Amino acid sequence: MNLKELYAIPDRIIVTAHRGDSLHFPENTIPAFLAAAEAGADLIEFDLRASRDKIPVVIHDRKVYRISSGSGPVGEYSLKELKQLDFLPAGEAQKIRIPTFEEVLETLPDVVGLNIQVKETENVLLEKICSLFDCYQLYRRAYLTLSTFADAELVRQINSRIELCVLERKRPLDLDLLKEMKNFGCKFLQPHRRDVTPELCLQIDELGFYANMYSSNTVEDHHHFITAGVRGIITDDPALLVQTLKNMDRYTGSAG
């Protein structure tokens, strides 16, 4: 996987699976990621936080109660304790465990790109995340998404080779912010659906961003945003987006 080559394909709509195939499988788990890859996703988006013993683990929420059999903040559990929690809906016989970042890298095929959202920015966590970029040579295949420029700068100070995406959701995504992101060195962009207009899509293309909009989950929305000019969509249901692209004659094959 080479993201720059992928985004250079003319007229291609990039399919990013939000927390994996999160409509059909427990979010941010290995089964969700493998299903997304099988469905044809080009990229998989997932979230990282730190366990109490500072291991990067894949989970979105600050607390575990919504998606597991536990309660309380992620950071109050050691990795061993997190691994004892069940991340499958109650009543299911099979048990699914929280994956570490490294377990995801060991499991996913390297033809799938990675949009990695870093939810916490303490130095020891960032250093471990950055070290795994080196160990697994993720530079062409993956990028990190951070909430603010300040958070992104912390990563840059550790490893300036990693491609960064900055959200800055508290600010409107206008031309001024786009230029600020460009000047910061961001190549990747994640516009929120509320900000997407044909004018914004033109500005994004003119500035040379690789943009993945968050998010779209219905055929109607897919048509709307593709017609507006988005080049990438983040979705909970990658199979539906792939089928929609096929029906629109806009599908050019999966990354793998």
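## Glutamate 120 and its surroundings

A polar contact of 3.1 Å joins the side chains of glutamate 120 and arginine 49, where a polar contact is a pair of N or O atoms within 3.5 Å; within protein, one atom must be able to donate a hydrogen and the other to accept it, and residues adjacent in sequence count only if both atoms are side-chain atoms. The structure described here is a predicted model, in which local features need pLDDT of at least 70 and side-chain atom pairs count only at pLDDT 80 or more, while totals for chains, interfaces and linings use all residues. Residues are numbered from 1 along each chain as its sequence is written, and side-chain values use heavy atoms, with hydrogens and water left out.

Glutamate 120 is found in the loop between β4 (113-118) and α5 (123-135), the helices (H or I, at least four residues) and strands (E, at least two) being DSSP runs numbered from the N terminus. With a relative accessible area of 18%, glutamate 120 is buried, a word that stands for under 20% relative accessible area, as exposed stands for over 50% and partly exposed for values in between (1.4 Å probe, protein chains only). The side chain of glutamate 120 also reaches the backbone nitrogen of alanine 50, at 3.0 Å. When its neighbours within four places in sequence are left aside, glutamate 120 is in contact (heavy atoms within 4.5 Å) with Leu48, Arg49, Ala50, Leu125 and Leu126.

## Salt bridges

A search of the whole structure finds 14 salt bridges, each defined as a side-chain nitrogen of Lys or Arg within 4 Å of a carboxyl oxygen of Asp or Glu. One of them is formed by arginine 52 and glutamate 81, whose closest N and O atoms are 3.0 Å apart. This pair links distant parts of the chain, with arginine 52 in the loop between β2 (43-50) and β3 (56-58) and glutamate 81 in helix α3 (residues 79-82), 29 residues apart. Arginine 52 counts as partly exposed at 43% relative accessibility, and glutamate 81 is partly exposed with a relative accessible area of 30%.

Lysine 83 and glutamate 103 also meet through their side chains in a salt bridge, at 2.7 Å from N to O. Here too the pair links distant parts of the chain, 20 residues apart, with lysine 83 in the loop between α3 and α4 (101-107) and glutamate 103 in helix α4. Lysine 83 is partly exposed at 23% relative accessibility, and glutamate 103 is partly exposed at 32%. Aspartate 86, which counts as buried at 12% relative accessibility, forms a salt bridge with lysine 95, the closest N and O atoms being 3.8 Å apart. Elsewhere, a network of salt bridges links Arg19, Glu27, Asp47, Asp61 and Arg66.

## Cysteines

A disulfide is a covalent bond between the sulfur atoms of two cysteines. The search of the whole structure finds zero disulfides, taking a disulfide as a pair of cysteine sulfur atoms within 2.5 Å. Cysteine 165 is in no disulfide, because the nearest cysteine sulfur, that of cysteine 186, is 6.5 Å away, too far for a bond. Cysteine 165 counts as buried at 1% relative accessibility, and cysteine 186 is buried with a relative accessible area of 3%.

## Aromatic rings

A pair of aromatic rings is described by the distance of the centres and the angle of the planes. The whole structure contains eight aromatic pairs, counted where rings of Phe, Tyr and Trp (its six-membered ring) have centres within 6.5 Å, with planes under 30 degrees apart called stacked, over 60 edge-to-face and the rest tilted. The rings of phenylalanine 46 and phenylalanine 101 have their centres 6.0 Å apart and their planes at 55°, so this pair is tilted. Phenylalanine 46 lies in strand β2 and phenylalanine 101 in helix α4, 55 residues apart, and the pair links distant parts of the chain; both residues are buried.

The rings of tyrosine 143 and phenylalanine 188 have centres 3.9 Å apart and planes at 10°, so that pair is stacked. Tyrosine 143 lies in strand β5 (residues 142-146) and phenylalanine 188 in strand β7 (residues 188-189), so the pair ties together parts that are 45 residues apart in sequence. Tyrosine 143 and phenylalanine 188 are both buried, and ring pairs link Tyr7, Tyr143, Phe188 and Tyr210 into a cluster.
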